[in-house]
Amino acid sequence: HLGVAKGDEVFVPLGSDEIQHPEPGEIIYFSDEDKQVLCRRMNWRASEILKITEDTTQTIINVEGVGIIPRSHVQAAHEELAQLLKEHCSAELKMEFLNKENPSTGFNF
């Protein structure tokens with residue numbers, strides 16, 4: 001989900017094992033099941049859970065645009081990244097846009 005933190009969600013920063021909690025009102029991406037924060041402060045602080053390793057078979061990659069950035073620019077960046085992942089990583093992709101009207105995805109990993 002893309003949403004606003006209540007402050008009780010669990011966040012483990014990339015490269016750490018320290019459990020933190022986002023500030024109430026902070027924008028986060030989070031799991032519905034266990035309130036695990038995937039990234040916070042929009043996409044600025046990544047979680048250990050999203051770390052890509054040699055054993056990674058599934059991941060989530062966010063492409064964001066805020067404020068006055070047109071959706072067309074976000075979509076163009078999204079499409080370029082998708083093409084590069086297909087070419088260089090043989091990636092199979094599922095893509096979805098999250099916003100205020102569509103804050104959740106049904107993707108499971």
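Biologist: How many aromatic pairs does a search of the whole structure find?

Modeller: For Phe, Tyr and Trp (its six-membered ring), a pair needs ring centres within 6.5 Å. This is a predicted model, where local features need pLDDT of at least 70, side-chain atom pairs count only at pLDDT 80 or more, and totals for chains, interfaces and linings use all residues. Residues are numbered from 1 along each chain as its sequence is written, and side-chain values use heavy atoms, with hydrogens and water left out. The whole-structure count of aromatic pairs is zero.

Biologist: Which ring does the charged end of Arg 40 sit over?

Modeller: Sitting over a ring takes NZ of Lys or CZ of Arg within 6 Å of the ring centre and within 35 degrees of the ring normal. Arg 40 does this at 5.2 Å from the centre, and the ring belongs to Phe 11.

Biologist: And how far is the charged end of Arg 71 from the centre of the Phe 97 ring?

Modeller: Here too the charged end sits over the ring. For Arg 71 and Phe 97, the distance is 4.3 Å.

Biologist: Is Glu 26 buried or exposed?

Modeller: Glu 26 is in the loop between strand E1 (2-4) and strand E2 (27-30). The cut-offs on relative accessible area are under 20% for buried, over 50% for exposed and partly exposed in between (1.4 Å probe, protein chains only). Because its relative accessibility is 10%, Glu 26 counts as buried.

How values were computed:
Rings of Phe, Tyr and Trp (its six-membered ring) pair if their centres lie within 6.5 Å; planes under 30 degrees apart count as stacked, over 60 as edge-to-face and the rest as tilted. Helices (H or I, at least four residues) and strands (E, at least two) are DSSP runs, numbered from the N terminus.
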